[in-house]
Structures are given as C-alpha cells and as structure tokens.
Amino acid sequence: MNTQKLPHVVIVGAGFGGLETAQRLRNTPVQITMIDRQNYHLFQPLLYQVAIAGLVPSQIAYPLRTIFRKQKNLTFQMGEVTSIDLDGRYIRSNGSVIAYDYLVLSVGGQTNFFGLNAVEEHGFQLKSIESATGTRNHLLRMFERASREVDPELRKALLTFVVVGGGPTGVETAGALAELITHVMVKDYPQMDLSEVRVLLIEATGSVMAAYPDELRNATMKLLEGKNVEILLNTRLTDYNGRRITLADGGQTPALAPGASVDAHTLIWTAGVRSAEITDRLGVQQAAAGRVRVEPTLQLPQHPEVFIIGDAAYMEDEKGQPLPMLATVAQQQAKTAARNIQQTLRGEKLEPFRYKDPGLLATIGRNAAVARIWGLSFSGFIAWVIWVALHIFRLIGFRNRLVVLINWAWDYFFYDNQIRLITKE
Ligand SMILES: Cc1cc2nc3c(=O)[nH]c(=O)nc-3n(C[C@H](O)[C@H](O)[C@H](O)COP(=O)(O)OP(=O)(O)OC[C@H]3O[C@@H](n4cnc5c(N)ncnc54)[C@H](O)[C@@H]3O)c2cc1C
C-alpha cells in the first residue's frame, strides 16, 4: 500500500476516545499517527483501586504498541504535543512538526483544584499511575507512622483520611478506603486501636452522587455510613496545609462550626476535572471547565478538519445539560468522529453526535454498589456483581482481565488487599 498519498489523520491522546477512533479507522484508507505522552492506555476508572492497594498499575494499563501491533495504517509516537497551529494544520511534538489533513483531539482532562493552590500542593489526586501509587504509598506510610506515634492527637491526625468530592470517584475511594482499614489494616496492625481511624467524605453540595436518582443517592449514603464513612454535606473546603483542613462552614454537621478545621495528614481531591492543558493553547472558544465548544458533528467551528472528543469537548444534550466527562461519552463520540472522517473522505453528509446514556454504576465496596440500568434503579449485591463483570470486561487484554479477576476473588474470599507495598517514588 502506498501510504504517501493517503490522507494523514493525527490523533492526539490514546485514552478512551483516541483509542476507539484509531480502531474504528483500521480499514479506512488513511495514514494515522497516534501521539500520546504515555506509552500505554490507562483505564482510569480503576485508578482508585491502585491507590487503595487493590491492584497494581500494570493491571489497569496496556502498552499502546501492543494494542496497535497489527494495525498497519497506524504509527504510534510517544510524545507531548506542545502546540497546535490550526491555520497551518500542523502540531508540534518532541520538537518535531507533524502536518495533518485531519486532527482528532482526545486529550482528556486534568484535576481541577478551582484555584486552591494549597490543596494542589499538599493533597493527592487520582488521575495518573504516578498519582495513584503516590497515594497508596502515603496511605500505607500513615499507618506505619501512626503505629509508633505516642502522641494521641498526632496519631489521630495521621489516621484521619479526607476524601473531597461526593461524585462516583470520591464515593468509590472513600468506600474502598474504609474497607481497607476494617478488613485488612486491622489484621496488619493488631496492636493499634483502629477505632481512632476516620474516613471523611466532604461534599460541597447537599448530596453525594448528584447525577443519580434520589433512591440511589440515599442507598449510597446508607452504604457509606454502614462502612463508618463520615459524610459532610454542604461543606466547602477552603484550605489545606498538609496537616489540617479548613472548612468554610459546618454544613449539616453540627459538630463543625463555620471555619472549623480538622487535623488530617491525608486529603484526596476528587472534586473536579477540567480539560487538558493543551486545549487552553488552541485560542478557541472554551466553555465551563475549559472544554472546547464543538459543532454537533464534533468538528471545531471554522476548522472542519479538526474533531474534538471526550473530556476535552463541550457539547450539550437535548435538555441543554453539558455531556458528562465519562469514558462512555468519549467512546461513543469516537465512533461518530471516525464515521464523520470516513464520510468526509467519501464526500457524504456528516452525522451529528447523540449520546445514548448506558446508565449509571458505582461501587461502594464489597457486595455494595448502586446502578441505574434500563430505567431501573437497584443497589447492593446484584449491582456489585454487574459492576465487577463490566469492569473486568472493559479492561484491555485477556491477561489483565484474568489477573484482575483472580486478584479480586482473592481479596473477596480472604479479605486481603495484596499490594500493600510502600515503594520509593
Ligand atoms: C479516577 C477516575 C475515575 C473515573 N471513573 C469513571 C467511570 O467509572 N466511568 C466512566 O465512564 N468514566 C470514568 N472516569 C472518566 C473517564 O476516565 C474519562 O471521561 C475518559 O478517560 C475521557 O476519555 P478521553 O479520551 O477524553 O481522555 P483520556 O482517557 O483521559 O485520555 C487522554 C489521553 O491524552 C493524553 N494527552 C493529554 N494531553 C496530551 C498532550 N499534550 N500530548 C500528548 N498526549 C496528551 C493523555 O496522556 C491520555 O492518555 C473516571 C476518571 C477518573 C480520573
């Protein structure tokens, strides 16, 4: 095949959207260059499992060169895209200039600290393998330090774990962390009084899991409370110095007066996402969270050769609500973007994107999850089994699926999180 004359499609970002786009263009007469600063695809929904010592990074990440080994029309380059010239139709990556006929930007998001620089400096986030293993090391180190700490106040602060953000990631992290303590740490530290441990979930609005129906929000609250997670609603965090969190008000928590503080050596921030930094350098119109406004066909206004998908793209549903930053949105948009590139090549009319909501699903720990599927809400064991099956199915690679399944089965039957390693960063 003479690839010289084929249209050149550059895909930036090999996350959920980029990967799906590339695979959909496998048999299309184009030459694809896929660029990502990482050499692996990361399954972000299970990052929290790395943080709570349930999985190792290699179980939720997969090398891109292996994924694309058999795709003859694709070349992968590991590199950071530092600028994009929309008029000149080229990008810069690792000092080289790469021209494109079509550009697909699926660069995802980054943690949004809403200008709380102190939280960014001292808190932990779940966005990358490094941040998840860093969180794991820190959590485990807190138990080591607490086990030899004689000052009861300091010990309590070492054993106070604050998760900020009551969305699915915060809820899943808080639930899993509480279980790590009650099922595993209690056996590792028999000499310690683990009733001193606190897991706090702080949420600025009046409810956890805002996108979920009432019955599932209530079920989530009950499940979390059953695991001794303290939920602080209507509570806004204003500062964190690595030792103490400061709250704007006590919200619905009578024990906390306005401006109250809690001593805590751990804060995990899951309260916001914004689009990746490169989107700020495009010089185009951005909406909330820095996402780039796209046409219904996912094209960039005035630049029909550029498609933006996933977390980086801003689009509204029929009710005028922004599409959520979810893997399911990115994957569905990838299918439309790939089809629209094919239709452009054939000179056909492009199709608008319509999100088909596959439902909602989040786990709160062992035997505990909440789900809304086919208009039905349910919680507990059945929802949890669906969650496990779906996440195993969505992982890339048979080996990863098998290893994760064995790992979870082991943890389930033996109440054990095996990856309790404190490693150097
Ligand atoms: C902790 C966590 C839990 C989540 N849980 C769920 C869940 O349960 N269900 C769900 O549907 N969604 C979940 N999400 C959201 C989901 O992961 C994202 O919506 C999805 O990854 C977005 O896909 P994307 O293709 O837009 O970006 P991503 O998958 O984030 O991929 C972006 C890629 O672009 C690369 N990149 C970025 N900038 C550059 C650059 N300048 N140069 C080169 N490469 C670059 C990155 O390295 C990355 O590989 C979760 C996210 C997180 C962080």
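Analyst: Here is a short tour, topic by topic. Keep in mind that this is a predicted model.

User: Okay, salt bridges. How many does the structure hold?
Analyst: The structure holds 16 salt bridges. As background, side chains of opposite charge can pair when their charged atoms come close.

User: Pick one. Which residue does Glu196 form a salt bridge with?
Analyst: Arg155. The closest N and O atoms of the two are 2.8 Å apart.

User: Where do Glu196 and Arg155 lie?
Analyst: Glu196 is in the loop between helix 7 (168-188) and strand 13 (198-202). Arg155 is in helix 6 (residues 152-158).

User: Is Glu196 buried or exposed?
Analyst: Buried. Glu196 has a relative accessible area of 15%, and the cut-off for buried is under 20%.

User: And Arg155, buried or exposed?
Analyst: Arg155 counts as buried too, because its relative accessibility is 18%.

User: What about Asp416?
Analyst: Asp416 forms a salt bridge with Arg420. Their closest N and O atoms are 2.8 Å apart. Asp188 comes in as well: salt bridges that share partners join Asp188, Asp416 and Arg420 into one network.

User: New topic: helix 1. How many of its residues are buried?
Analyst: 7 of its 9 residues. Helix 1 spans residues 16-24 and is mostly covered.

User: Which ones are buried in helix 1?
Analyst: Phe16, Gly17, Gly18, Leu19, Glu20, Thr21 and Ala22.

User: Now the surface. Which residues make the nonpolar patch of about 290 Å²?
Analyst: Phe381, Ile382 and Val385 make that surface patch.

User: Where is Phe381 found?
Analyst: In helix 10, which covers residues 381-394.

User: So how open is Phe381?
Analyst: Phe381 is partly exposed, with 47% relative accessibility. Exposed would need over 50%, so Phe381 at 47% stays in the partly exposed class.

Technical notes
Residues are numbered from 1 along each chain as its sequence is written. This is a predicted model: local features need pLDDT of at least 70, side-chain atom pairs count only at pLDDT 80 or more; totals for chains, interfaces and linings use all residues. Side-chain values use heavy atoms; hydrogens and water are left out. Patches are made of residues with over 30% relative accessible area and no salt bridge: like charges are joined within 9 Å, nonpolar side chains (Val, Leu, Ile, Met, Phe, Trp, Tyr) within 5 Å. Accessible areas come from the Shrake-Rupley method with a 1.4 Å probe; for residues, only the protein chains shown count as cover. A salt bridge is a side-chain nitrogen of Lys or Arg within 4 Å of a carboxyl oxygen of Asp or Glu. Helices (H or I, at least four residues) and strands (E, at least two) are DSSP runs, numbered from the N terminus. Buried means under 20% relative accessible area, exposed over 50%, partly exposed in between (1.4 Å probe, protein chains only).
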